[in-house]
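The stops below go from one loop to another, and then to a cavity.

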Amino acid sequence: MRVFVTGATGYIGGAVAGALRKHGHEVTALVRPESDDGSLRADGIFIVSGDLGSIPGLRDTIAKHDAIVHTAFSSKDPVESDRKAVEVFASLDAFFLFTSGVWVLGSGKSDEDKKVNPIPMVAWRPAHEQKALANGHGAVVRPGCVYGANQSLLAAWFAAAEQKKPISIVGDGKNRWAMVNLHDLADCYVRIVEQRATGIFHGVDDSRDSLNDVAKAIAPSGTIEHVPADAARQKMGPFVDALILDQDVSSVKTRQVLGWKPSRTFVNSVDEQWREWRTGVSS
């Protein structure tokens, strides 16, 4: 299958592009000219130079692919640039997989059929989800908070623990994030693409560990520093809304449809996470 991938130099997109190649697919990656694409080329991935603003002009090139996987996020006018890209992708005959996220669900218990209740910083995403689904041959994946490899949201926690410093958590740490390992998530993407599975899918591991439990797994003998949300908001703005979410997100329907079974939770794979993080730091 010929697959066009945006965001392939990023955290999620890179793992997805690599997983697609390992499954024998021909992958084309949209890469900004200033980005390092050496590892992609080494994996046999074809490179198209551009960014999300280039998508309309690349329509004919993209149309030659069987599937499109959109994981990119632009730091410049992100909502408008994403909307234009999604409209182009959704207008083509190719299978289209759009990356959203669990933050569109808000706090509380959720499954794939629950009505969205997005926090303000992602309030634009549900409309883009609907654009991706409208043509009848598209899908939406909502990854949880992703961990693994060189880490993302949790990178600062590993760095603090390595330096014997307190791990800083916004809020009381009793809340739960919907989480997923990067490698398991990439497998979810591959399954959706290969099965051309339409609809909404939740890329989460269904674990229920609190942030305090996650921090203790990283540093069993370490200390935790709880930062009041109002104080954190002065520096971090609306991102704090995401950090204090308490989510119980189900992926039962996703597992049933795709035959997907995440092989890790954070707490049961913490040794693996430490190895991968240290490898990333030293490389």
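This is a predicted model: local features need pLDDT of at least 70, side-chain atom pairs count only at pLDDT 80 or more; totals for chains, interfaces and linings use all residues.

Start with the loop at Asp206: select the stretch between strand β11 (199-203) and helix α8 (211-218), which is where Asp206 sits. Check its backbone: the phi of Asp206 is near 65°, a positive value in a residue that is not glycine.

Next, keep Asp206 selected and show the cavity beside it. Asp206 is one of the residues lining the largest cavity. A search of the whole structure finds one cavity of 30 Å³ or more, and the largest cavity holds about 40 Å³ of space.

Now select the rest of the lining. Colour the lining by class: five residues are nonpolar, two are polar and four are charged.

For the last stop, move to Gln151. Select the loop between strand β8 (145-147) and helix α6 (155-162), where Gln151 is placed. Gln151 also has a positive phi, near 70°, and is a residue other than glycine.

Is Gln151 buried or exposed? Gln151 counts as buried because its relative accessibility is 5%, and the cut-off for buried is under 20%.

Notes
Residues are numbered from 1 along each chain as its sequence is written. Side-chain values use heavy atoms; hydrogens and water are left out. Helices (H or I, at least four residues) and strands (E, at least two) are DSSP runs, numbered from the N terminus. Buried means under 20% relative accessible area, exposed over 50%, partly exposed in between (1.4 Å probe, protein chains only). On a 1 Å grid over the protein atoms alone, a cavity is a set of points where a 1.4 Å probe fits but cannot get out, and a pocket is an open set with protein on both sides within 12 Å along at least five of seven lines; lining residues have an atom within 4 Å of a point. Grid points are joined across faces, edges and corners, and a volume is the space filled by probe spheres set on the points. Ala, Val, Leu, Ile, Met, Phe, Trp, Tyr, Cys and Pro count as nonpolar, Asp, Glu, Lys and Arg as charged, and the others, Gly among them, as polar.
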